[in-house]
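Please examine the model shown below.

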Amino acid sequence: MALMHQTTMTPSKLELLAAWLPSQPWFVGDANSLVSLGGFRLDDPAGEVGLEGILLTAGDDTVYYVPLSYRGAPLEGGADFLVGTSEHGVLGTRWISDAAGDPVFRSVMAATIATGGHQADEFVQDESGNRVSRQPAVRVQGSGRPGDQAPELAEATVEQVGPLTRVSDDLAVLDIVRVVDPALVARDDQYALRASWGEHDGQAILALLYAG
């Protein structure tokens, strides 16, 4: 379950991303024209780290995928992945990172893909503590099956390979698709995370997982 609060974030996520995206080699859009197409949440089993995937356009029809992690303290060893900090009206200072560098995200994403998982159920909590279910704007589904083994990728190398961010260790590779390509298909030896939003039918691939 993902619990959101009816509150403010200063600066906003889009403001932080507008400053961060131009430094990314896979981003070629207009950072001043960012539009969010929506997002989805994943569950941290320990309930400590917020995990969100955001789909964006930036002045044209290209769709970018940015996974973020939210922590109440800096990510250890994660300075290179920091997007910025924001003041949350309920939770205080949040350190927001490119989630490729966060071992919690890598483990949860790999498990979601390998076991056929999907986005977390979302609830919004108001100032009185009331919770209301919210439908996610983006739905995702892993192509694996319940019970299939998932790598943890806790200690992993992160590198850019064209429009992909590749997370790998000796056993597995997780490719995060930064620029959504409608023509991308998974090989027979790859699990995929597919997304649905708007008029998209669930075939857009956001990540691939396979043996290293």
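Asp98 counts as buried because its relative accessible area is 6%; buried means under 20%, exposed over 50% and partly exposed in between, with a 1.4 Å probe and protein chains only. The model is predicted, so local features need pLDDT of at least 70 and side-chain atom pairs count only at pLDDT 80 or more, while totals for chains, interfaces and linings use all residues. Residues are numbered from 1 along each chain as its sequence is written, and side-chain values use heavy atoms, with hydrogens and water left out.

Asp98 belongs to strand β7; strands (E, at least two residues) and helices (H or I, at least four) are DSSP runs numbered from the N terminus. Beyond its neighbours within four places in sequence, Asp98 is in contact (heavy atoms within 4.5 Å) with Trp20, Pro67, Phe81, Val83 and Arg178.

Strand β7 (residues 92-98) runs antiparallel to β6, to which six bridges join it; two strands pair if DSSP finds at least two bridges between them. Within this pairing, Glu87 has Thr93 of β7 as its bridge partner. Strand β6 (residues 82-88) is also joined by two bridges to the antiparallel strand β2 (residues 9-10), where Met9 stands opposite His88.

The largest nonpolar core has 30 residues, and Tyr65, Leu174 and Leu206 are those with the most contacts inside it. Such a core is a set of buried Ala, Val, Leu, Ile, Met, Phe, Trp, Tyr and Cys residues joined through side-chain atoms within 4.5 Å. Helix α2 gives the most to this core, six residues. Another core, of 17 residues, lies apart from it and includes Leu17, Tyr64, Tyr70 and Val83.
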